[in-house]
Amino acid sequence: MKKLVGCDKLLESSEKHDIIKESLIKIVGEQWYSDFPEELLIYSYDMTENDPSLPEFVVMPRTSEEIQKILKFANETKTPVVPFISGNNVGGLTIPLKGGIVVDLKRMDSILHFNEDDMYVIIEPGVTFGHLHAFLEKTNYRYCYPFAPPFTSVIANALLDGLNNLSLRHGSMNEWINGIEAILPNGDLVKIGTCCAWGDNYDLWWSRNPMPDLLGLFTSWQGMTGIVTKMAVQVWPRRPIRDWRIVLSFNVEETYKFVKTLTHLEILNDILFMSIETVKMIAGVPYGKAKYLEGEPRWVCLLDFSANTKLEYEAKLDMINTAFKKLKEVDPKANMTNLDVMEKFYGKKVGDIKNLPVTIGPMLEYGGLTWMGTYMTTKTEAVVNGIKTAFDLIDKYRFEKCLYSRSMKGHHYFAFRFLLRFSKLQEGETERMQKLQEELFNSLFELGAFPYKTPARFAKQILKRADPNWVNLLKTIKSTIDPNGIMNPGRWGLE
Amino acid sequence: MEIPDEPDDILGLGIYRRIKTVTEISPDFKKFVNNLNENILLSTDYYDFMIKFKDENFEVTREIENPTIIIKIKIEEFFKIMEKRTSMVFSFLKGKMKFKKGLTKLFKVYKLFGNILS
Ligand SMILES: Cc1cc2nc3c(=O)[nH]c(=O)nc-3n(C[C@H](O)[C@H](O)[C@H](O)COP(=O)(O)OP(=O)(O)OC[C@H]3O[C@@H](n4cnc5c(N)ncnc54)[C@H](O)[C@@H]3O)c2cc1C
C-alpha cells in the first residue's frame with residue numbers, strides 16, 4: 001500500500017487534534033467517536049484503484065441535531081468533513097483526500113414514514129437497499145435495485161444519480177426524489193421540495209415541484225455541499241406477474257438495434273446489454289478467466305418485464321418474441337430463453353438477478369473492483385464504437401472485458417459501463433488499472449460518454465475541458481454554500 | 001468421483017455445473033454416471049465440446065478426442081427441451097437431435113440428458 005496521506009498531519013497537529021477530539025466526543029459521545037489507527041484505516045481506502053488517504057477522526061452521529069453541531073464546529077475550525085455510509089460507490093468518493101472527520105451515517109437507519117397515497121417513503125441515510133426491500137415486501141409497492149450489495153445506502157445512491165432495474169422506465173435515481181432535509185456546512189438545516197412549506201408533516205413531502213428546484217445543489221455533488229439527513233423517495237405499485245428473458249447473440253449492431261426496438265415499445269422494466277464475460281463473471285468464473293472464447297455468443301441481453309394480468313403478460317411476451325424473431329433474421333444463431341434455464345445451468349448466482357438487492361460475490365472476491373461507468377448518447381455508432389475502443393484498451397492492459405450497460409429513461413440516454421475486477425495483492429496491478437482507467441476515460445469522453453460518480457482525477461480533467469462558464473458557476477455555488485471548503489474537499493476537482 | 005476444474009467456455013460450464021448438481025442431489029444419477037465410461041461429443045451450432053466420463057470421473061472440455069457418441073443439436077433445440085416446449089424424444093424423432101455415432105447407446109444418452117435437462 002502507498003504511504004497514506006494524512007499521517008504526517010496527524011503527528012504535527014496533536015494540540016488541534018485534542019481539541020477536535022474533545023468537541024466531537026461532546027457531540028456524539030465517546031462510544032461513537034474513534035481515532036484508533038486501525039479504525040481510521042478502514043475509512044482510508046475502498047475497493048477501487050484510487051490512492052488511499054487517512055482521516056483523522058470518525059464519528060457516528062444519530063440525529064440531525066448532532067450533525068448540525070458537527071458541521072458548525074468543523075466549519076469554525078476549518079476541518080474537512082467526509083459523509084460516509086458504506087463506501088461502496090466504486091469511485092473512491094469517500095476517501096478523505098484532505099484528512100479530517102469522516103461522518104459515518106450508518107446509525108441513522110430509520111424508515112420514518114410511508115405515504116401510500118402519494119407513494120413515497122421517507123428514509124434516513126443509513127437505510128440500505130436491503131432494509132427498504134424488506135420493508136416494501138410487506139406492502140404492494142416496489143423500489144428499484146442496483147447491482148450493488150444490499151448493505152449500500154439508498155440515499156447515497158439517489159444523491160449520486162445511480163442506476164438500477166427501473167432506470168429504463170424512470171431514469172437515474174435523483175429523478176425519484178420528492179424532497180430532502182439537509183444540513184449545510186454552517187450547520188443550518190434546510191428542507192427542499194414541498195417539505196419546505198410543511199416539513200414537520202411527513203404526509204406532505206409529495207413533490208419537488210412547483211418551485212425552484214434546489215435539489216441540484218446536492219445531487220451528484222458527492223457530499224460537497226452538505227449532509228442529507230432525510231429523503232422522500234418515490235415507490236411504485238408492484239405488479240403481480242414478473243418475468244425475465246435472456247437473449248444470446250453475436251452481432252453487436254443488430255443486438256443494439258434489438259435493444260432499441262424493445263425500449264421504444266415501452267413494455268420492459270429494464271434491459272441490460274452485456275458481454276459474455278460479464279455473465280461468466282456473475283456465474284462465478286474466477287478472476288482472469290472470464291474471457292470470450294471462439295464460437296460463444298458475444299452478447300447477452302437481460303429483459304425484465306412485468307404485468308397486471310395474464311393477458312397483459314402474454315401481449316408483452318408476444319411483442320418480445322416478435323422483436324426477437326427480427327433479430328434472428330439477421331443474427332441467425334441468436335437464441336432466447338428464460339432465467340430459470342440459465343439458473344439451472346449456472347446456479348443460484350445467475351438466478352439471483354431476480355432477487356436484487358444481492359451481493360454478487362464474484363465481483364468482490366478479489367480485493368479490487370472498479371468501473372468505467374458513464375452516461376452517454378444512445379447513438380448506435382457511438383455505442384458500437386465505444387465498445388470496440390474500450391475492448392481494445394482493456395485487452396491492451398490484460399483485464400476482463402465485462403460490458404454491463406443499460407438503456408435509461410425509455411432510451412433517452414445510455415448507461416455505458418465496464419466492470420473491472422483486479423487484484424490488489426498482485427504487484428503492479430493497481431497501477432496498471434489506473435493507466436487503463438486513464439485511457440478509457442480519455443477515449444470514451446471523446447465519444448460523448450460522461451463518467452458518473454466521477455472520481456476526482458477524472459473530474460479535474462473534465463473541468464479543463466468543460467465550458468468555463470459552467471466551471472465558474474460550479475465554483476461559485478460551492479464557495480457560496482461552503483466558503484471554508486470543508487465538505488469532502490478535493491472532489492469534482494475543486495478544493 | 002473426483003471433481004475436475006470448471007471449464008471456462010459458456011456451454012461447457014453450464015453442462016458441467018448441471019451434471020455436478022444432479023449428481024449431488026440424485027444418488028441414482030451419480031451411480032449411473034460413475035459407470036458411464038463414454039466420451040460424448042456434443043456438436044452444436046455454437047461450437048463442439050465433449051463430456052468425458054471415465055472411472056468415476058468426468059470432464060467437460062473443448063479438446064475433442066475419441067468420441068464414442070456424437071450428438072448433433074442446435075442450442076435453440078436445447079433451450080426448447082429445457083423450457084419443456086418439446087421433449088428429447090420428440091426432438092430425436094423430428095431429427096432435431098441427431099446421433100452421428102453411438103445410436104445403440106440411445107438409452108444411456110436419454111438417461112443422461114433426461115436428468116441434465118429436466
Ligand atoms: C458490486 C457493486 C455493484 C454496484 N452496482 C451498482 C449499480 O448497478 N448501480 C448503481 O447505481 N450503483 C452501483 N453500485 C454503487 C453503489 O451501490 C452506490 O454508489 C451506493 O449505493 C452508494 O452507497 P454507499 O453506502 O456506498 O455510499 P458512500 O460510498 O458511503 O457514499 C457515496 C457518496 O455520497 C456521499 N454521501 C453519503 N451520504 C451522504 C449524505 N447523507 N449526504 C450527502 N452526501 C452523502 C459520500 O460522501 C460519497 O461522496 C455498485 C457497487 C458495488 C460494490
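Q: At what angle do helix α16 (residues 429-446) of chain A and helix α17 (residues 456-465) of chain A pack, and how far apart are their axes?
A: They pack at an angle of about 30°, with axes 11 Å apart. This is a predicted model, where local features need pLDDT of at least 70, side-chain atom pairs count only at pLDDT 80 or more, and totals for chains, interfaces and linings use all residues. Residues are numbered from 1 along each chain as its sequence is written, chains are lettered from A and ligands numbered from 1 in the order in which they are written, and side-chain values use heavy atoms, leaving out hydrogens and water.

Q: Why is α16(A) called roughly parallel to α17(A)?
A: Angles under 35 degrees count as roughly parallel, over 145 as roughly antiparallel, 65 to 115 as roughly perpendicular and the rest as oblique. The angle here is about 30°, so α16(A) is roughly parallel to α17(A).

Q: Which residues make the contact between α16(A) and α17(A)?
A: Contact means heavy atoms within 4.5 Å. Among the residues that make it are A:Phe441 and A:Phe445 of α16(A), and A:Phe458 and A:Ile462 of α17(A). By class, the contact of α16(A) with α17(A) has 4 nonpolar, 4 polar and 4 charged residues.

Q: Why is α12(A) called roughly perpendicular to α3(B)?
A: Helix α12 (residues 339-346) of chain A packs against helix α3 (residues 75-82) of chain B at about 95°, with axes 10 Å apart. That angle lies within 65 to 115, so α12(A) is roughly perpendicular to α3(B). Here A:Val341, A:Lys344 and A:Phe345 meet B:Phe78, B:Phe79 and B:Met82.

Q: How much area is buried between domain 1 of chain A and domain 3 of chain A?
A: Buried area is the accessible area (1.4 Å probe) that two parts lose on being put together, summed over both. For these two domains that is about 730 Å², with carbon and sulfur atoms giving 52%. On the domain 1 side, A:Met47, A:Glu49 and A:Val90 lose the most area, together 81% of what that side buries.

Definitions and conventions. Axes are lines fitted to C-alpha atoms, for helices over the stretch in contact, and angles run from 0 to 180 degrees between N-to-C directions. Helices (H or I, at least four residues) and strands (E, at least two) are DSSP runs, numbered from the N terminus. Ala, Val, Leu, Ile, Met, Phe, Trp, Tyr, Cys and Pro count as nonpolar, Asp, Glu, Lys and Arg as charged, and the others, Gly among them, as polar.
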